[in-house]
Amino acid sequence: MIVIEQILSKQDVSAYRLQLAECPWGDGRKTAMGMAASVKNNNQADAQHANVRQLANQLLARIGETPKIVSAALPHKIFPPCFNRYSETEEYGYHVDAAIMRIPNTAEVIRSDVSMTVFLSEPEEYDGGELVIATEFGQQHIKLPAGYAVVYPSSSLHKVTAVTRGQRIAAITWMQSMVADVTLRQTLYQLDQSIQNLIKAEHTDRAELDNLHNVYHNLIRQFTQL
């Protein structure tokens, strides 16, 4: 579970919010699969609307330009981002994301390895609406500033608590990673972040850095599934 700071700027968030306010929204349960539909109570922007598709494509581009997301998820395929809205009393009970998802209007499917939520509402705009992820260390409650994102394993049981005041708007997406194993993916992320920190540090020995780079990329070659 990794927090990405400001994948979107405050100006970006304002622009997204303005466009989403003009888009049609529908019952989010129509997009849920299986048991998730019975616990889902929110609204979702019409994915076929031109403005929604444009925003989704902009967010896809930003994901690809964000090194920390690439490092954490090692994405091979990304589901087009969706935009959801929770008003007062609305929530999404505990559920697990579908393992296989069909990309809309295509025959292509992805395996959901990594889920991502991008917050588009400031925490003070609403009460409740926390993303709660069940982990081996207990429940993790997440409520981030607008423009921030969190990535976490799609295999995690998670929920969004009921909003009791205001509205919570967010974008969500799922990624098929080039490395399916979550533990290995976490290790590769930690190794890559250590390499990036060493690059920034003064007096790092170039030969040792090259060796670490070699190890990292050879591990990627060994465990990548395309």
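Student: Is R62 buried, partly exposed or exposed?

Tutor: R62 is partly exposed, because its relative accessible area is 27%, where buried means under 20%, exposed means over 50% and partly exposed lies in between, using a 1.4 Å probe and protein chains only. Keep in mind that this is a predicted model, in which local features need pLDDT of at least 70 and side-chain atom pairs count only at pLDDT 80 or more, while totals for chains, interfaces and linings use all residues. Residues are numbered from 1 along each chain as its sequence is written, and side-chain values use heavy atoms, with hydrogens and water left out.

Student: OK, and what does R62 form with D12?

Tutor: R62 forms a salt bridge with D12, and their closest N and O atoms are 3.0 Å apart; a salt bridge here is a side-chain nitrogen of Lys or Arg within 4 Å of a carboxyl oxygen of Asp or Glu. Since R62 lies in helix α2 (residues 50-64) and D12 in helix α1 (residues 10-21), the pair ties together parts that are 50 residues apart in sequence. The helices, H or I runs of at least four residues, and the strands, E runs of at least two, come from DSSP and are numbered from the N terminus.

Student: Why can side chains pair like that at all?

Tutor: Side chains of opposite charge can pair when their charged atoms come close.

Student: How many salt bridges are there in the whole structure?

Tutor: A search of the whole structure finds nine salt bridges. One of them joins the side chains of E125 and R17, at 3.1 Å from N to O. That pair links distant parts of the chain, with E125 in the loop between β10 (114-119) and β11 (126-128) and R17 in helix α1, 108 residues apart. E125 is partly exposed at a relative accessible area of 30%, and R17 is partly exposed at 26%.

Student: What about D127, which residue does it form a salt bridge with?

Tutor: D127 forms a salt bridge with R165, with the closest N and O atoms 2.9 Å apart. D127 lies in strand β11 and R165 in strand β16 (residues 163-166), so this pair ties together parts that are 38 residues apart in sequence. Both ends are partly exposed, with relative accessible areas of 33% for D127 and 35% for R165. Elsewhere, salt bridges that share partners join D12, R62 and E65 into one network.

Student: Back to the helices. At what angle do α1 and α2 pack?

Tutor: They pack at about 155 degrees, with their axes 10 Å apart; the axes are lines fitted to C-alpha atoms, for helices over the stretch in contact, and the angles run from 0 to 180 degrees between N-to-C directions. That angle makes α1 roughly antiparallel to α2, a label for angles over 145 degrees, whereas those under 35 count as roughly parallel, 65 to 115 as roughly perpendicular and the rest as oblique.

Student: Which residues meet there?

Tutor: D12, Y16, Q19 and L20 in α1 meet N51, Q54, L55, Q58, L59 and R62 in α2, where contact means heavy atoms within 4.5 Å. These residues divide into four nonpolar, four polar and two charged; Ala, Val, Leu, Ile, Met, Phe, Trp, Tyr, Cys and Pro count as nonpolar, Asp, Glu, Lys and Arg as charged, and the others, Gly among them, as polar.

Student: And how do α4 and α5 cross?

Tutor: The axes of helix α4 (residues 182-200) and helix α5 (residues 206-223) come within 10 Å and cross at roughly 155 degrees, which means that α4 is roughly antiparallel to α5. Among the residues making the contact are L184, L188 and D192 of α4 and H213, Y216 and F223 of α5. The residues of this contact divide into 13 nonpolar, one polar and one charged.

Student: New topic: where is K77, and what is it in contact with?

Tutor: K77 is in strand β5 (residues 75-78) and is partly exposed, with a relative accessible area of 22%. Leaving aside its neighbours within four places in sequence, K77 is in contact with E108, V109, I110, W174, M175 and Q176. K77 and Q176 are 99 residues apart in sequence, yet 5.1 Å apart in space from C-alpha to C-alpha.
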